[in-house]
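Welcome! Take a moment to look over the model below, and then we will walk through a few of its features together.

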There are 2 protein chains.
Amino acid sequence: MGSGLGRNGDQLVSALLPRAEFIEALQRAGAERYHDKHPFHRRMHAGALSPVELRRWVVNRYYYQTRIPIKDALILSKTEDVEFRRRWMHRIFDHDGRPDETGKMTDEGGLAQWQRLAQAVGCDLEEVKSLRSVLPGVRFACDAYVDLVRQRSLLEAVASSLTESFAHELMSRRIEAWLAHYTWVEPHALDYFRTRVVRARRDSLEAVEYVVAEARTREQQEACVAALVRKCEILWALLDAVEAAGREPPVATID
Amino acid sequence: MGSGLGRNGDQLVSALLPRAEFIEALQRAGAERYHDKHPFHRRMHAGALSPVELRRWVVNRYYYQTRIPIKDALILSKTEDVEFRRRWMHRIFDHDGRPDETGKMTDEGGLAQWQRLAQAVGCDLEEVKSLRSVLPGVRFACDAYVDLVRQRSLLEAVASSLTESFAHELMSRRIEAWLAHYTWVEPHALDYFRTRVVRARRDSLEAVEYVVAEARTREQQEACVAALVRKCEILWALLDAVEAAGREPPVATID
């Protein structure tokens, strides 16, 4: 873990960080590494992606989306705390959709929204759902995230979700960028991003409160920061894989 | 797995069993080993348990109850099928309670019902919730169930839940027996059993349909039967541990 939190590289400091400093350490670690600064996202938001690249991202990121309810179920399985489970359960519904008592859907859920996005950018829905076009590096990165959640403590698993603290800003910028640059995409197809602006903020606030309350030693605080750093690396690796699949000729000649 | 399903001990038969025969094999394996026939349950239903024994069972079985949402979250984490997750989610709410959108509880849940049962038989609620009186053999058996679900396939995990096929009859008999023999227990405290009569039947029908549809080889069918057998052994071991903790003098002298 090293002295990741030490302000002066002082290896001897191991006292529990006060709340504000711990939150700042998480914030700093995440902000430095969050994938909003990845070249692929920069090009996306500058309107520089071709339709083929946009589709490639949508198809591959869908694999990440399908992992979310799985990792949230693993998080549920790691606790004995009924209250925690009740608070966390909505995350599965947020992606799978929420049926009422009769089975009727009252919320389509994030996966269905992403499928609409995929169709709007011109993907074949069945191909997207089959996951067969998912790039090896994307599959590896997303599965590594599920493994992280499976293997580490509940505290670290929750800390790894704190990338959502940065998601709502990214989503807001993304909506603006898509409406400005990718005018061929039907605006209603951006509902997933719109929904996440609100939910990512709510979810990250919940998760920060949990992590701050439950990290009771400096070692645990450092483990939380390390889990968040690893999660940032995983999100970055996902975009590396998409980027490495190649730029499209029209964009390559502009560069 | 052996020739558990072979009618004549014929080791060579390995064709997929037709639906009815597979269901019958599950039914037979479960009925033979289900813990309704355990001496402790027989004494319970005959009205032969002392208040101390009843309390001991309630406190220890509570540990099992607390494992249920954990194993159901593990089951959710084992599938990529959104429909399956949507159908299975209610099982967690059934035990944890179901909050509406505002967080207000619309269903108290099985754990809260069991806590009311514990209080009605004279247990100290905080001691029950702390789990500190749980017997070693009970802890071992229940943790083994969670491990089984964690380690085996989704199909086997679901098959292990098929003990519920037998639960509604046991619950019905239990309600009658308690009302007849343990008249000092407030009838409203038996709500957990009443709720399970309905839910266990519904859940087991769901699970049977899943297992029948997904067991596509004879080997998988045998693995399902084996998982159900192991689950029966676990439930039996739980009662062995409670039984082994000793009978109370008043009952011992009657015997």
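This is a predicted model: local features need pLDDT of at least 70, side-chain atom pairs count only at pLDDT 80 or more; totals for chains, interfaces and linings use all residues.

How is chain B laid on chain A? A turn of 180° with a shift of 0.0 Å along the axis does it, and the RMSD is 0.0 Å. The two copies are thus related as by a two-fold rotation axis.

## A helix pair in chain A

Next, look at helix H1 (residues 19–33) and helix H12 (residues 218–244) of chain A, which pack at an angle of about 15° with their axes 9 Å apart. H1(A) and H12(A) are therefore roughly parallel to each other, and H1(A) passes H12(A) in a right-handed crossing.

On the H1(A) side, the contact residues include A:Phe22, A:Leu26 and A:Arg33; on the H12(A) side, A:Val225, A:Leu228 and A:Trp236 are among them. By class, this contact of H1(A) with H12(A) has 10 nonpolar, 2 polar and 1 charged residues.

## A helix pair in chain B

In chain B, helix H3 (residues 51–77) packs with helix H8 (residues 136–151) at an angle of about 10°, and their axes are 9 Å apart. That makes H3(B) roughly parallel to H8(B).

Which residues of H3(B) and H8(B) meet? Among them are B:Tyr63, B:Arg67 and B:Leu74 in H3(B), and B:Cys142, B:Asp143 and B:Val146 in H8(B). The contact of H3(B) with H8(B) divides into 10 nonpolar, 1 polar and 5 charged residues.

Definitions and conventions. Residues are numbered from 1 along each chain as its sequence is written. Chains are lettered from A and ligands numbered from 1 in the order in which they are written. Side-chain values use heavy atoms; hydrogens and water are left out. Copies are superposed by least squares on the C-alpha atoms of residues with pLDDT of at least 70 in both. Axes are lines fitted to C-alpha atoms, for helices over the stretch in contact, and angles run from 0 to 180 degrees between N-to-C directions. Helices (H or I, at least four residues) and strands (E, at least two) are DSSP runs, numbered from the N terminus. Angles under 35 degrees count as roughly parallel, over 145 as roughly antiparallel, 65 to 115 as roughly perpendicular and the rest as oblique. A crossing is left-handed if the near helix is turned anticlockwise from the far one by less than a right angle, and right-handed if clockwise. Contact means heavy atoms within 4.5 Å. Ala, Val, Leu, Ile, Met, Phe, Trp, Tyr, Cys and Pro count as nonpolar, Asp, Glu, Lys and Arg as charged, and the others, Gly among them, as polar.
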